[in-house]
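Me: I am new to this one and would like to go through it step by step. Could we have it in view before we start?

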Amino acid sequence: MAVDKVIRDPLWATLVGALVAAMGVSFFVFVQSGEAAPQAAADEQPPYASVSPKSPMSPMIVGGTAVSNGKYPFMVALLDKRKPGGAFQEQFCDGTLIDKDSVLTAAHCVFSNRGIFPSRMKLVVVVGRTALNQNRGQLRSVPLSHRFIHPRYNGNKRGDVYDAAVLKLSRPVKGIKPIKLATAGQNDLEKPGRILTAAGWGSVRSKPQSVEDYPKRMREVSVPVVSDSRAKRAYQSKGLKYLPSLQVAAGKKGKNVCFGDSGGPLFDSGSRTQVGITSYGAGGCGQARYPAVYTEVNSPGIGKWILRTAKR
């Protein structure tokens, strides 16, 4: 099976799909792939977080609902400005504003490995935009020297660990309140059964076939946290890593992130506190057996690095 990273681009999806098939690996990241896709007509098109027609390593929300303008201003869309078209065609991953000039996302969204993710992509982020086809929010560039990947991340193809990156913006964002990050004392947010929210522009179908399966408007979904023991059993059965000290799992049948959602948050909607970073999945989006895996932001080896890097 293939590792599903939630990214969002058609060509990338094709290339990754072929690579995964050749490797026999059963894991996907929620990214959208690299070639520009034709502009979809409707405003309510879904983006996802796995290897799909729109992004190389990000997922999309399956079984969710559309988000109203301004509801989650801390949400960030990562754009590759080398692509023709507007933000809908350029978006490939998600992120969150964690302070006035720092964005948190997944390492696999900006990881350069054998040229799969061009290290010199013209990376721009838009903060505070809900619908990608609307001219709202604040655009900021992210120079190559301002992209920081967790030092222990290595693009592991059997389950990403330390899948976290911090992007330092060219200049601060104004008037937008950042999301809060869960602290070491907030493990209650990860209690099995607790309902958390995931949001993003990922695919709305578990197996996206075209650009029409990706939304222009952000979507959200409420998902229950899954016990570490259950998630570990499920992923180990496929030869994939799941490390309870570094990851948290959430999802249920028919509701989860998907391709194009990579890098986005798993968060408590009441307190606006981020618990995880959308990382990867297996077996397709919204499968009961395989909850999505998120990088745990309050893990000491991850949380301290995020805060230290954001202060640069």
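Me: Which residue in β18 stands opposite Phe-267?
Reply: Phe-267 stands opposite Gln-274. This is a predicted model, in which local features need pLDDT of at least 70 and side-chain atom pairs count only at pLDDT 80 or more, while totals for chains, interfaces and linings use all residues. Residues are numbered from 1 along each chain as its sequence is written, and side-chain values use heavy atoms, with hydrogens and water left out.

Me: How many bridges join β17 to β18?
Reply: Four bridges join strand β17 to strand β18 (residues 273–281), and the two run antiparallel. Two strands pair if DSSP finds at least two bridges between them. Strands (E, at least two residues) and helices (H or I, at least four) are DSSP runs, numbered from the N terminus.

Me: And what do β17 and β18 form?
Reply: They form a hairpin with four residues between the strands. In the turn, Arg-272 has a positive phi of about 55°.

Me: Which other strand pairs with β17?
Reply: Strand β14 (residues 195–200) pairs with β17 in the antiparallel sense, over two bridges. Ala-198 has Leu-266 as its bridge partner in β17.

Me: Are the residues of β17 buried or exposed?
Reply: In β17 (residues 265–268), Pro-265 and Phe-267 point one way, Leu-266 and Asp-268 point the other way, and all are buried. Buried means under 20% relative accessible area, exposed over 50%, and partly exposed in between (1.4 Å probe, protein chains only). In a regular strand the side chains alternate between the two faces of the sheet.

Me: Changing topic: which residues touch the most other members of the largest nonpolar core?
Reply: Leu-78, Tyr-235 and Ile-306 do, out of 88 residues in that core. Strand β6 (residues 75–80) gives the most to this core, with five residues. A nonpolar core is a set of buried Ala, Val, Leu, Ile, Met, Phe, Trp, Tyr and Cys residues joined through side-chain atoms within 4.5 Å.

Me: How many residues of β6 are buried?
Reply: Six of its six residues are buried. Met-75, Ala-77 and Leu-79 lie on one side, with Val-76, Leu-78 and Asp-80 on the other, and both faces are covered.

Me: Which strands does β6 pair with?
Reply: β6 pairs with strand β7 (residues 91–99) in the antiparallel sense over five bridges. Five bridges also join β6 to strand β9 (residues 123–127), again antiparallel. Leu-78 stands opposite Cys-93 in β7, and Val-76 has Val-127 as its bridge partner in β9.

Me: What does Leu-78 touch?
Reply: Not counting residues up to four places away in sequence, its contacts (heavy atoms within 4.5 Å) include Phe-92, Cys-109, Leu-123, Val-125 and Leu-167.

Me: Where does Lys-81 lie?
Reply: Lys-81 lies in the loop between β6 and α2 (87–90). Lys-81 counts as partly exposed because its relative accessibility is 32%. Its C-alpha atom is separated by 6.4 Å from that of Leu-123, 42 residues apart along the chain.

Me: Is His-150 buried or exposed?
Reply: His-150 counts as buried, because its relative accessibility is 4%. It is found in the loop between β11 (147–149) and β12 (165–168). Leaving out residues up to four places away in sequence, His-150 touches Tyr-162, Ala-164, Gly-301, Ile-302 and Trp-305.

Me: And where does Thr-309 lie?
Reply: Thr-309 lies in helix α4 (residues 300–310). With a relative accessible area of 1%, Thr-309 is buried. It touches Phe-148, Val-166 and Lys-168, residues up to four places away in sequence not being counted.

Me: Overall, how many helices and strands are in the chain?
Reply: There are four helices and 19 strands. Of the 312 residues of the chain, 61% count as buried.
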